[in-house]
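Here are a few notes to go with the model. Keep the structure open while you read.

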Amino acid sequence: MTTVDDAKAAVELGADILGLNFFAQSPRYVTIAHALEIAAQTPCTAGVFVNEAAAKVSQVAAEVGLDWVQLHGDEPAELLADINDELPIIRARTLSSQGLVGVLDDLLACERAGRLPDAVLIDATVPGQYGGTGKTVDWAALDDHNELLREIPLILAGGLTPGNVNQAITTVMPAAVDTASGVEASPGVKDVEKMRSFIQAAKLSFGTAERGVE
């Protein structure tokens, strides 16, 4: 989110968590002052950080009142243990040629370093870019994520739109879905109708998936 109006609309439409991007090179970057204004409009926020020091992540989270922090860069596994342990962490990963086995190796490294993430976000691989590319993930490669990720919740990102989120959810069965470019009129500017369609489709798909499991 980059504007108060978009944040208000997203909450009214039923978004569960709003993202605030603190990566200065992103078109969705927000300052701390602006983030405070946006965070006041939602009961739950996640701050997106790319290759920041643990102290900076913890400081910004405390200042803004973030509910989650999302590490979306090349942070070493050791960084997680240095972040305020009261802050839930989402660790963003992409799929290499090893698929989820590579993600599992990273989780084991985090565990050895002292802290596992509270959720793993899987995004598309685009060299030199940290998310928001509109590229999709190989959903079929995530088929056995519950077993391989040791039941750590998976958040699916990468090119999700109102038109494909249903298929993504029914194929992958993630714990949650994440979108940015898929509901925008232009980078950083949300399209209310796209947000409405995306949220409605996602909630319907999750409800159907849950009934199917039962």
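1. Which residue in β2 does L20 stand opposite? L20 stands opposite G47. Strand β1 (residues 18-21) and strand β2 (residues 45-49) run parallel, joined by 4 bridges. Strands pair if DSSP finds at least two bridges between them, and strands here are DSSP runs of E, at least two residues, while helices are H or I runs of at least four, numbered from the N terminus.

2. A word on the source: this is a predicted model, where local features need pLDDT of at least 70, side-chain atom pairs count only at pLDDT 80 or more, and totals for chains, interfaces and linings use all residues. Residues are numbered from 1 along each chain as its sequence is written, and side-chain values use heavy atoms, with hydrogens and water left out.

3. Now follow the chain between those strands. β1, helix α2 (residues 32-39) and β2 form a right-handed β-α-β unit (with the strands pointing away from the viewer, the path from the first strand over the helix to the second runs clockwise).

4. L20 turns up again in the largest nonpolar core, which has 54 residues; L20, F22, I122, L142, L156 and V177 have the most contacts inside it. Such a core is a set of buried Ala, Val, Leu, Ile, Met, Phe, Trp, Tyr and Cys residues joined through side-chain atoms within 4.5 Å.

5. Buried or exposed: what is E86? E86 is exposed, because its relative accessibility is 69% (exposed is over 50%, buried under 20%, partly exposed in between, with a 1.4 Å probe and protein chains only). E86 sits in the loop between α4 (78-82) and β4 (89-94).
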